[in-house]
Amino acid sequence: MKSVLVCGAGGFIGSHLVKRLKREGCWVRGVDLKHPPFCPTAADDFIQGDLRDPALCAEAFDREFSEVWQLAADMGGAGYIFTGDNDAQVMHNSAQINLNILEACRQHGAGRVFYSSSACVYPEHNQTDPDKPTTEEGTVYPAAPDSEYGWEKLFSERMYLAYGRNYGMPVRIARYHNIFGPEGAWNDGREKVPAAVCRKVAEAADGGSIEIWGDGLQTRSFLYIDECLEGSLRLMRSAWPGPVNIGSDQMVSINELARLAMRIAGKNLSLEHVPGPLGVRGRNSDNRLIARKLGWAPSQPLEAGLKKTYAWIEQQVMSGQATAHRPRATIPP
Ligand code: NAD
């Protein structure tokens, strides 16, 4: 039986990944500061602890794993990573986690190591046109990410690649583009735009309005969690060692995303544009490399995933949790 370690197993992508790996018959150990908030973990073994602590890493890596999935990071949506208020903490926490995990992999051995990077590594100047942003993998240099979160991801990508070169460690790097789905952050200040939009629509009375940050003409693409996992597993088990985009290439404006959520909800709402943290003007996933190297690329329409996500968020709102506002997952300094 394959022994697998999932770092960040209490998070959105990590908790879904654990379920998928269990369905495939793996023995899974999860590690995270917290258990998954919305359903019990499917992991065989779950260590609750801080991956910034090398002693915790030593405990988690007390055996050789055929796969190590590194998804732990100090992260959140635009309201968390683009305000500037959390920059030092985001960089310090995530870099420390990656330093520790790589050393633990080197010392204890790991069959393959997966690192979850981000579309936030791409240069800001290639993403100023909302209709024609560039995220072809090779355009990441000369580097100019628009957030410290992106700079940390780029630094860590390089560190994973260096460990791969110098220690013969097989690493796989995905650059995720806006992954969404049920059982993700939706009201704790770390939620991303699809969850935030679904929550606002679910909370609004028909005929009312919802707030959208900026003019809503900024563009993005959004990938449903199932296809994110499919792409990640295919990448992990492929022979391709370089960073690859894992995202949808169905680009929409934030206004279009909001209108889609309204249509799904059957509500007629107006959009109230207010100032807020925005990120780049346009972003879409360039899927040419993934299609070439893996013979596969995401293909599901946004609407299919948004329907499932809206249904889950509406259920959370109806069960009265929206007003309670979950406490933030706190990461001590
Ligand atoms: P998430 O915040 O839900 O999961 C990250 C998990 O890491 C959390 O459960 C958190 O508690 C854990 N963590 C943070 N600090 C830790 C520490 N010191 N020790 C142990 N655990 C710690 O995020 P997610 O959406 O599941 O993202 C997973 C990975 O994918 C992250 O690395 C993220 O940067 C990357 N990513 C995600 C997206 C996306 O759209 N969701 C996009 C690009 C990249």
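A salt bridge, as the term is used on this tour, is a side-chain nitrogen of Lys or Arg within 4 Å of a carboxyl oxygen of Asp or Glu. The structure is a predicted model, in which local features need pLDDT of at least 70 and side-chain atom pairs count only at pLDDT 80 or more, while totals for chains, interfaces and linings use all residues. Residues are numbered from 1 along each chain as its sequence is written, and side-chain values use heavy atoms, with hydrogens and water left out.

**First stop: the two domains**

Begin by colouring residues 3–179 and 222–246 as domain 1, and residues 182–221, 251–282 and 301–324 as domain 2; these bounds come from an automatic or database domain assignment. The C-alpha centres of domain 1 and domain 2 lie 25 Å apart. Where they meet, 28 residues of domain 1 are in contact with 30 residues of domain 2, contact meaning heavy atoms within 4.5 Å.

The area buried between domain 1 and domain 2 is about 2400 Å², with carbon and sulfur atoms giving 62% of it; buried area is the accessible area (1.4 Å probe) that two parts lose on being put together, summed over both.

**Second stop: polar links across the interface**

Across the interface of domain 1 and domain 2 there are 2 salt bridges, together with 11 residue pairs in polar contact, both residues being at pLDDT 80 or more. A polar contact is a pair of N or O atoms within 3.5 Å, where, within protein, one must be able to donate a hydrogen and the other to accept it, and residues adjacent in sequence count only if both atoms are side-chain atoms.

Now select lysine 19 and glutamate 183, whose side chains meet in a salt bridge of 2.9 Å, N to O. Because glutamate 183 lies in the loop between β7 (179–180) and α6 (193–203) and lysine 19 in helix α1, the pair ties together parts that are 164 residues apart in sequence. Helices (H or I, at least four residues) and strands (E, at least two) are DSSP runs, numbered from the N terminus. Glutamate 183 is buried at 19% relative accessible area, whereas lysine 19 is partly exposed at 25%; buried means under 20%, exposed over 50%, and partly exposed in between (1.4 Å probe, protein chains only).

The structure holds 20 salt bridges, and one of them joins the side chains of glutamate 67 and lysine 2 at 3.2 Å, N to O. This pair links distant parts of the chain, with glutamate 67 in strand β4 (residues 65–70) and lysine 2 in the segment before β1 (3–7), 65 residues apart. Glutamate 67 is buried at 3% relative accessibility, while lysine 2 is partly exposed at 34%.

Move to arginine 52 and aspartate 50, which form a salt bridge of 2.6 Å, N to O. To see a network, select Lys2, Arg20, Glu24, Glu67, Glu230, Arg234 and Arg237, which are joined by salt bridges that share partners.

**Last stop: serine 156**

Finish in helix α5 (residues 148–167), where serine 156 is found. Serine 156 is buried, with a relative accessible area of 0%, and its side chain is joined to that of asparagine 98 by a polar contact of 3.1 Å. Leaving aside neighbours within four places in sequence, serine 156 is in contact with Asn98 and Tyr115.
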